[in-house]
Amino acid sequence: MSVARALSPESLTELTRALDLSGVFANGTLGGVLARARRLDLFGFLVIGIVSGLGGGILRDTLLQHGTPVALTDYTYLTVAIAGTLLAFLADLSRHTSGWAFTLLDASALSVWAVAGAQKTLAVGLGWLPAVLLGTITAVGGGAIRDLLLTRTPSIFGGNPLYATVAVLVSVVMVVCSRLGAPTVGVLAGIAVGIALRLAAFHWGWRLPGSRDWRPGPVKGREP
């Protein structure tokens, strides 16, 4: 692929869609893992997995007011969310939730959705601040709704390694690179920064302060 082709609006649209779908699959799988932990039946799996996989994107598209949310017009999105959920239903992945493979999946899903959300916001002509906000909402919105359905405190409210903060930084990277005329670089750099920061936060227990007497230390007792 030539440089001109890689930087074309059509190519970037295709890349954004691919990122969006990869995030849908990953978050559908993550939702399925949590549904198994709550001993839900198949219907429960599907509800939690689909909400986890599609919730953030639907929130983004609704706030953009730029047509019907793509998840409701492109059936590939629902199919991919169901596929990710069924993977978690058929294969017990819960034993791997504390391993690096699961952490990498979580980090990748968060990063690609932040990039996709920021890029889609810029593509409809909005500015840098809406792009950062909607990139973050895309990344964490589905997980927040999923957690509320499961009566869990949403991950974005803390008690876990850096989460929403990573989405904000990834969105900023995407916006800055786009402003510099290198959106494709922004996609790659944003994902790389997000994955690296999220993995580092898991490894060293980085988190934002929760009170004035906060001290650095490992995060304890938090589900994925």
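A salt bridge here is a side-chain nitrogen of Lys or Arg within 4 Å of a carboxyl oxygen of Asp or Glu.

**Setting up.** I am working with a predicted model, where local features need pLDDT of at least 70, side-chain atom pairs count only at pLDDT 80 or more, and totals for chains, interfaces and linings use all residues. Numbering runs from 1 along each chain as its sequence is written, and side-chain values use heavy atoms, with hydrogens and water left out.

**Entry 1, the count.** I searched the whole structure and found eight salt bridges.

I looked up Arg-60 with Asp-61 and found their side chains joined in a salt bridge, 2.9 Å from N to O. Asp-20 also forms a salt bridge with Arg-60, with 3.2 Å between the closest N and O atoms. Asp-20 sits in helix 2 (residues 9–37) and Arg-60 in helix 3 (residues 42–64), so this pair ties together parts 40 residues apart in sequence. The helices are DSSP runs of H or I, at least four residues, numbered from the N terminus.

I took buried as under 20% relative accessible area, using a 1.4 Å probe and protein chains only. Asp-20 is buried at 4%, and Arg-60 is buried at 0%. Asp-61 is buried too.

Which side chain does Asp-147 meet in a salt bridge? I found Arg-146 there, at 3.2 Å from N to O. Asp-147 counts as buried at 0% relative accessibility, and Arg-146 is buried at 5%.

Note on methods:
Helices (H or I, at least four residues) and strands (E, at least two) are DSSP runs, numbered from the N terminus. Buried means under 20% relative accessible area, exposed over 50%, partly exposed in between (1.4 Å probe, protein chains only).
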